[in-house]
Amino acid sequence: MGDRSPNLGLFLLFVALLQFGYPLTLHGPGWTALYMMLYAGMIAFGLLVVRGERDRVLPVLVIGVVLSFFGVWAAVDPEHDVALLGLFATVCAFQIGVVYSLLKFVYRRGGAHSLDLILAAVSVYLLIGGVFAAVFSAVEILAPGSFVDTTHPEGPMRWQRFMYFSYVTLVTLGYGDIVPAGPWVRSLAVVESVVGTLYLTTVIARLVGVYVGVPSRGHGDGASG
């Protein structure tokens, strides 16, 4: 597979900017357009990350092109429900495709560059939060009132709030300012918490196993002497 570190590092950078830079979109359409341009970087380096799996490249490429279309549409008309639903659906599909590829890399039996494993593992964790944020946002559009923001109960629940809510749920902070109002969305929030907890547990075990399994160079030199 080679050394993936440069591509994984840049992919992780764009993912982090997208997941945590969303407040830019609250400052006007120009900033929203700039934010949407970050998707181009995520798509480009996402394709480089999965390029070793030939059966994965074409679907991810097609989804990336459709994602770009909806991203431009949403930037031009951020209040259009169809544009937003298309954006959320393609973001979710794209991130799931990359997550699948990265999980195969992280948990495969063979050895791998330790930095690559760490970058891939962190990328997956951030993408999990992104996937659930897109799902929560789509649910609120399809079924308004599924979530309640106790700090701004009179305002509409926009996707920016779900980026925040998703990561607060993923790390099980549970501030309680945004509350799932229905049984199914509550269940979905619990699923995200469980997935995040289980993922951290298993990936830490995997990384520990990799480091423990690496023979000490000094010990080997001593034994040969």
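These are my notebook entries on a predicted model of one protein chain.

**Ground rules.** I number residues from 1 along each chain as its sequence is written. Because the model is predicted, I take local features only at pLDDT of at least 70 and side-chain atom pairs only at pLDDT 80 or more, while totals for chains, interfaces and linings use all residues, and side-chain values use heavy atoms, with hydrogens and water left out.

**Whole chain.** I looked up the elements and found eight helices and two strands. Here helices (H or I, at least four residues) and strands (E, at least two) are DSSP runs, numbered from the N terminus. From the N terminus the order is α-α-α-α-α-β-α-β-α-α. Of the 225 residues, 45% are buried; buried means under 20% relative accessible area, exposed over 50%, and partly exposed in between (1.4 Å probe, protein chains only).

**Val168.** I found Val168 in helix H6 (residues 159–170). Is Val168 buried or exposed? Val168 counts as buried because its relative accessible area is 10%. Not counting residues up to four places away in sequence, Val168 touches Leu173, Gly174 and Tyr175, where contact means heavy atoms within 4.5 Å. I also checked Gly129, which is 39 residues from Val168 in sequence and 9.1 Å from Val168 in space, C-alpha to C-alpha.

**Leu58.** I found Leu58 in helix H3 (residues 54–76). Leu58 counts as exposed because its relative accessible area is 55%.

**Spaces.** I used a 1 Å grid over the protein atoms alone: a cavity is a set of points where a 1.4 Å probe fits but cannot get out, and a pocket is an open set with protein on both sides within 12 Å along at least five of seven lines. Lining residues have an atom within 4 Å of a point. Grid points are joined across faces, edges and corners, and a volume is the space filled by probe spheres set on the points.

The largest pocket has a volume of about 420 Å³. I listed 22 lining residues for this pocket, with Pro78, Glu79, Leu84, Arg158 and Trp159 nearest its centre. Helix H2 (29–50), H3, helix H4 (81–107), helix H5 (114–142) and H6 each give two or more residues to that lining.

How many cavities of 30 Å³ or more are there? I counted one. The largest cavity holds about 150 Å³ of space. Its lining has 16 residues, and Tyr39, Phe88, Val91, Trp159 and Met163 are the closest to its centre. Helix H1 (5–20), H2, H4, H5 and H6 each supply at least two residues of the cavity lining.
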